[in-house]
Amino acid sequence: MKRNTLFMLVLALTITLSGCSKKAVNIPYWAKDSIAMKSIVSYVASVTDEQSFDYIPASQRIVVFDMDGTLYGELFPSYFDDCLLIHRLLHDDNYKAPEEYREYAEAFESALLSNEPEPDSPKSGAQIAAESFQGLSVEEYQAYIKEFMSEPAIGFEGMSYGEGFFQPMIALVKYLYDNDFTIFISSGSERTIVRELINDTLGEWIPPYNIIGSSFTLEATSQGDTDGRKYNFSKDDEVLLEGNLEFKNQKTNKVFTIVEEIGVYPLLVFGNSSSDLAMAQYALQHGGKAYMLLCDDTERDYGDISVANEFADACKEMGIETISMRDEFETIYGSNVKKTQINPN
């Protein structure tokens, strides 16, 4: 046998054995035939292989997740921050809400439990929240959030608000972290809320300084009317919630905060609503990829097929890949969690 023929046979055998030794990667809690999971795994393999034309150094592997509806449920029966605000205004015996806000909260809670449109608000919900927690120290506010997280999540059996994370997405975060991605969350919810929510579930892979969110204004205990640029923080001061919404992190604001707080283009973006399309477009614009969850599971969650279909069409037009929660998640919250009927009474 000629030497070059023998060499080619050995090379072919080596390649074949090498290919056989590679095991298929399946992210836990995802359906084995999930198109999105296969796409994600293939992309991660290409950007982490130093021999690949698509290789990206670890320092540039930035992924940004939305929070509500992407990592964590948003229908308990509303966003966590809405549920927290209603609790503060209506069910906290230690807080007396202004009558106008209490009436709004009563109408809001009734509408949520009856699946009716949200009532008109005297101010934005975020501004009302800022005022409702005014005067608490940051530590007191954190403790308040933590305590509410232990409350049962409305509409589900076997799950508290603190446990309302999508199990497949937790597994995805770990998978990306294990492949040297730096992970950020960019949420429309207030930043401290997100930090407290993720601490026990995602904190191992996402530190608090990688959380981007809406923010409330702050002040020092003895600052008074003095501008923060002119006031020196004293040894007896605490940092308090001052009572105003400083910034709402939605839509194009999410692009701006990525620029300001990360400073590197995201390689991957994950979201679930029109509020996330701006940062998805920003990733696509710079050669990245984006995936959007569809709220199409009406058996295990409170999905809406018409909303999911409309959003899927919008994503397709933009070149964004979608993830069917109904078809591509083996579980959503875990096998011990059951969806129940929300009781309007």
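This is a predicted model: local features need pLDDT of at least 70, side-chain atom pairs count only at pLDDT 80 or more; totals for chains, interfaces and linings use all residues.
At what angle do helix α3 and helix α5 pack, and how far apart are their axes?

**Stop 1: two helices**

Select residues 80–91 for α3 and residues 125–132 for α5. They pack at an angle of about 50°, and their axes are 10 Å apart. The crossing of α3 past α5 is left-handed.

Now show the side chains at the contact. From α3, pick Leu 85, Arg 88 and Leu 89; from α5, pick Gly 125, Ile 128, Ala 129 and Ser 132, which they meet. Of the residues in this contact, four are nonpolar, two polar and one charged.

**Stop 2: the sheet**

Next, colour the strands. Seven of them form an open sheet in the order β5-β4-β3-β1-β6-β7-β8, and the pairing is mixed. Strands of a sheet pair through backbone hydrogen bonds, either parallel or antiparallel. At the edges are β5 (239–247) and β8 (321–324); each has a single partner strand, so one side of each lacks a neighbour in the sheet. From one strand to the next, the twist averages 30°.

Zoom in on β3 (residues 182–190) and β4 (residues 211–220), which pair in the parallel sense over three bridges. Select Ile 185 and look across to Ile 211 in β4, which stands opposite.

**Stop 3: loops**

Which residue is joined to Pro 77 by a cis peptide bond? Select Phe 76: the bond between Phe 76 and Pro 77 is cis, with omega about 0°. Pro 77 lies in the loop between β1 and α3.

Go on to Pro 57, in the loop between α2 (35–48) and β1 (62–65). Pro 57 is partly exposed, at 31% relative accessible area.

Tyr 29, in the loop between α1 (3–21) and α2, has a phi of about 75°. Lys 251, in the loop between β5 and α9 (252–261), has a phi of about 45°. Tyr 29 is partly exposed at 39% relative accessible area, and Lys 251 counts as partly exposed at 47%.

Methods. Residues are numbered from 1 along each chain as its sequence is written. Side-chain values use heavy atoms; hydrogens and water are left out. Two strands pair if DSSP finds at least two bridges between them. Helices (H or I, at least four residues) and strands (E, at least two) are DSSP runs, numbered from the N terminus. Axes are lines fitted to C-alpha atoms, for helices over the stretch in contact, and angles run from 0 to 180 degrees between N-to-C directions. A crossing is left-handed if the near helix is turned anticlockwise from the far one by less than a right angle, and right-handed if clockwise. Contact means heavy atoms within 4.5 Å. Ala, Val, Leu, Ile, Met, Phe, Trp, Tyr, Cys and Pro count as nonpolar, Asp, Glu, Lys and Arg as charged, and the others, Gly among them, as polar. Buried means under 20% relative accessible area, exposed over 50%, partly exposed in between (1.4 Å probe, protein chains only).
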